[in-house]
Amino acid sequence: MSFKFEKLIIWQKSMDFGEKIFNLSQNFPKDEAFNLTSQIRRASDSIALNISEGSILQSKPEFKKFLGYSIRSLAEVVTCLYKSKNRKYISEENFNEVYMESYHLMNQIIAFRNQIKE
């Protein structure tokens, strides 16, 4: 037995992405614990959370709306990544790797949302 969203590749990838962001942010300075660390973790977790929440709705327009929330959360993560790089909390190499993963995940969520017929 499983929930419908567990079969969605975008949900699976967003779950992995959230764990990657969590691990990456563990090296942030302690004085960022209630600022950037918290923000990037909440935003990355929100991607998968909105996909799962939207998937159980009966309305396709509502599901598309929640996928939009996931996309916005992913954009928020990207902005946090820039702040992390600019503050030298992550290396250019780490930034580029996670940035590209963000870009691919964003395109996958958008493509999935565009396939939903209302």
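Helix α3 has 27 residues, which at 1.5 Å a residue should span 39 Å; its end C-alpha atoms lie 39 Å apart, in agreement with that expectation. The coordinates belong to a predicted model, and every value reported here is computed from it. Helix α4, with 24 residues, reaches 35 Å from its first C-alpha to its last, close to the 34 Å expected at 1.5 Å a residue.

**Overall architecture**

The chain contains four helices and zero strands, and from the N terminus on its elements follow the order α-α-α-α. Along the principal axes, the C-alpha trace spans about 45 × 25 × 25 Å. A compact globule of 118 residues would have a radius of gyration near 13 Å, and the 15 Å of this chain agrees with that value. Buried residues account for 41% of the 118 residues. Of the contacts between residues at least 6 apart in sequence, 70% join residues at least 24 apart.

In soluble globular proteins, nonpolar side chains tend to be buried together. Here the largest nonpolar core holds 28 residues, and the members touching the most others are F17, I47, I51, V77, L81 and I109. Two or more residues are contributed by each of α1 (9-25), α2 (36-55), α3 (60-86) and α4 (92-115). Helix α3 provides the largest share, seven residues.

The surroundings of V77 can be described in detail. Beyond its neighbours within four places in sequence, V77 is in contact with F17, I21, I40, A43, S44 and I47. Two of these partners, F17 and I47, are themselves among the core members that touch the most others.

**Helix α4 and its packing**

The buried residues of α4 are F95, V98, S102, L105, M106 and I109. The helices against which the buried residues of α4 pack are α1, α2 and α3.

S102 belongs to helix α4 and is buried, because its relative accessible area is 1%, below the 20% limit. Not counting residues up to four places away in sequence, S102 touches F17, L74, V78 and L81. Of these, F17 and L81 are also among the core members with the most contacts to other members.

N107 also lies in helix α4. With 35% relative accessibility, N107 counts as partly exposed. N107 and L74 are 33 residues apart in sequence, while their C-alpha atoms are 11 Å apart in space.

**Aromatic and charged contacts**

The whole structure contains eight aromatic pairs. In one of them, the ring centres of F5 and W11 are 5.1 Å apart and the planes stand at 65°, so the pair is edge-to-face. F5 and W11 form one aromatic cluster together with F3. F5 is buried, with a relative accessible area of 14%, and W11 is buried as well, at 15%.

A charged side chain also meets an aromatic ring: K85 lies over the face of F95, at 4.4 Å from the ring centre. F95 is one of the buried residues of α4.

K88 is located in the loop between α3 and α4. Just after α3, K88 adopts a positive phi of about 65°, although K88 is not a glycine. K88 counts as exposed, with 72% relative accessibility.

K117 is placed in the segment after α4 and is exposed, with a relative accessible area of 59%. K117 and E92 are 25 residues apart in sequence and 40 Å apart in space, C-alpha to C-alpha.

**Accessibility of selected residues**

The table collects the relative accessible areas of residues discussed above.

| Residue | Relative accessible area | Class |
|---|---|---|
| S102 | 1% | buried |
| F5 | 14% | buried |
| W11 | 15% | buried |
| N107 | 35% | partly exposed |
| K117 | 59% | exposed |
| K88 | 72% | exposed |

Key: Residues numbered from 1 in each chain as written. Predicted model: local features only at pLDDT ≥ 70, side-chain atom pairs only at ≥ 80, totals over all residues. Heavy atoms only, no water. Core = buried A, V, L, I, M, F, W, Y, C linked by side-chain atoms within 4.5 Å. Buried < 20%, exposed > 50% of the residue type's maximum accessible area, 1.4 Å probe, protein only. Contact = heavy atoms within 4.5 Å. Phe/Tyr/Trp six-rings, centres within 6.5 Å; stacked < 30°, edge-to-face > 60°. Lys NZ or Arg CZ within 6 Å of the ring centre and 35° of its normal. Expected span 1.5 Å × (residues − 1). Rg over C-alpha atoms; globule rule 2.2 N^0.38 Å.
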